[in-house]
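Student: Hi! Could you walk me through this structure before I set anything up?
Tutor: Happy to, here it is.

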Amino acid sequence: MQLPPTQAAVLKAADAQTKRDVTEIAAETDEKPESVTRAAFELEDRDLITVSEHVEVSVELTEEGERYATESLPEIALYEAAVDAGAADDPVALGRLIGDAGLDGDAVDIALANFARKGYGEVDSGEVTVNPAVTSTEDAEMAALDTLVEGGSIEDESILEEIDRRGLVERSERTVRAVTLTDEGITTLMEGIETTETIDRLTPDLLTSGEWEDVEFTDYNVEAEASEKQSGRKHPLRQTADRVKDVLVGMGFQEMQGPTVDADFWIHDCLFMPQDHPARTHWDRFSIENPGKIDDIPSDLVERVETAHHEGVGQDSEGYHSPWDEDFARQLALRGHTTSLTSRHLAGESLGDLEPPQRFFSVEKAYRNDELDETHLLEFYQIEGWVMAEELSVRDLMGTFTEFYEQFGITDLRFKPTYNPYTEPSFELFGRHPETDELIEIGNSGLFRPEMLEPLEVDCDVMAWGLALERLMMLASGAEDIRDVHGTLVDLEFLRTEEVTY
Ligand SMILES: N[C@@H](Cc1ccccc1)C(=O)O
């Protein structure tokens, strides 16, 4: 039979009676273990050998484990210091024993926790008594550390688990493969094998020289076990953002662009938010020190916005009658919502004057100095959107949300009237969490007020919203904590394996 060189070598090295480890054959034949493994599977496919596998667990001391193995476990040090100080008869102050035992830093807590767990004694109001019935020389965990130092293995699984939990050992698993010759393998060897020179990869040389036409290629074994490769991957939240964009484009929306750092004028003043609104104070806002201010705001617009803030617009409207400071409006901050992009677009600042009908959206970051918890981070992605038309009603708003969220399997939506300085009526939007069954807030919306639209010189209806991308993802994926979805605490396994479904 003709076989490629590695397969020929592995077949010759295999035995019918004893299993031979792949690593052993690799060392003997001067081949890489991966090549020998591949050849072994190929030979198994030809029924010439069988490949068996078992998992080998190895246990190694961590740095901390090694230290305790040489010095002693902190709880033993404490116990021995206590015995020496006579704590079997009378309580001794803990402070003194810590000094005697030479414990400091984390070792003190470690000593105390394990001292109590092992029944070495009691600590009560800073006084230690030892239990004379226990002796530290029989400490099973200490004995296990000693065994490991001597290269032995631990038979008692519960002790191993305990020292593993304490971080004193590192356990690793390795699949060991071994080969055995089959009857057919023996026959083949007896009949004699010839080595063929097969090629396992196509190179530019083979192509340019034309040699590829004459060589024999190694069969490709798609079932061979291969090491797992972790390649780069789009973040699940980014995938959800992309999907949101696709859905909105499908609904006839265009994407808005605009600055992340913007003037309060675009973030707040254009939205008829009074300058003393709580969201505008430093509590909620990440302000920019340098440059501190924006220069180019159209002065006629500034004037109209200021007038609206002072007096309102039209006959039925009231302004705030409170001070309005242009300098304050020019200050820069990380936008607390992406509605700054909406105000820039409606004012004609971004794309020039817009005539109805129009539909715009963005899926961009907004920043708020919030308290961190399961539904809040300091930054989040806001799905901003607005529709401009001659006439719009709450029905249009609700219908748009129903259609949008349906694409993500979110069908149980609730609307709650709320207040925004820039919309009337306004609605908070809630969705039901698939795991906890709780209603969670997923957005805020409304129809822009004349006090906002008039200074921007928009004379038709505009409905608008800001929805949270992370919350949408939590409802769609069932994640219960925003910190599991994105940010520094997110689990790498989640990033590697989460499938974005909709
Ligand atoms: N800016 C609002 C969302 C919103 C946008 C547009 C209209 C109404 C509400 C928020 O951040 O919560």
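Student: Buried or exposed, what share of the protein chain counts as buried?
Tutor: Of its 502 residues, 32% count as buried, where buried means 20 or more other C-beta atoms within 10 Å of a residue's own, exposed means 12 or fewer, partly exposed is in between, and C-beta atoms are placed from the backbone. This is a predicted model, with local features needing pLDDT of at least 70 and side-chain atom pairs counting only at pLDDT 80 or more, while totals for chains, interfaces and linings use all residues. Numbering starts from 1 along each chain as its sequence is written.

Student: Thanks! How many helices and strands are there?
Tutor: The protein chain has 21 helices and 20 strands. They are DSSP runs numbered from the N terminus, helices being H or I with at least four residues and strands E with at least two.

Student: Which residues surround the ligand?
Tutor: The shell consists of His-337, Thr-339, Asn-420, Thr-423, Asn-444, Ser-445, Gly-446, Ala-464, Trp-465 and Gly-466; a residue is near a molecule if its C-beta atom, placed from the backbone, lies within 6 Å of it. Strands S19 (439-448) and S20 (461-468) each supply at least two residues of this shell.

Student: And what classes do the residues of that shell divide into?
Tutor: Two are nonpolar, eight polar and none charged. Here Ala, Val, Leu, Ile, Met, Phe, Trp, Tyr, Cys and Pro count as nonpolar, Asp, Glu, Lys and Arg as charged, and the others, Gly among them, as polar.

Student: Switching to H5: why is it largely enclosed by the rest of the structure?
Tutor: Helix H5 (residues 74-84) is largely enclosed because eight of its eleven residues are buried. Among them are Pro-74, Glu-75 and Tyr-79. The cover includes helix H6 (94-101), helix H7 (106-117) and H8.

Student: How do the axes of H8 and H9 cross?
Tutor: The axes of H8 (residues 140-149) and H9 (residues 157-165) come within 10 Å and cross at roughly 85°. Axes are lines fitted to C-alpha atoms, for helices over the stretch in contact, with angles from 0 to 180 degrees between N-to-C directions. That makes H8 roughly perpendicular to H9, the word used for 65 to 115 degrees. Ala-140, Glu-141 and Ala-144 of H8 meet Ile-159, Glu-162 and Ile-163 of H9.

Student: Which residues have the most contacts inside the largest nonpolar core?
Tutor: Cys-270, Met-452, Val-462, Leu-469, Leu-472 and Met-473, in a core of 61 residues. Such a core is a set of buried Ala, Val, Leu, Ile, Met, Phe, Trp, Tyr and Cys residues joined through C-beta atoms within 7 Å. Apart from it lies another core, of 27 residues, including Ala-87 and Ile-163.

Student: Last one: where does Ile-193 lie?
Tutor: Ile-193 sits in the loop between helix H10 (183-191) and strand S8 (194-195). It is partly exposed, with 16 other C-beta atoms within 10 Å. Ile-193 and Leu-3 are 190 residues apart in sequence, yet 6.9 Å apart in space, C-alpha to C-alpha.

Conventions:
Parallel < 35°, antiparallel > 145°, perpendicular 65-115°, else oblique. Contact = placed C-beta atoms within 7 Å.
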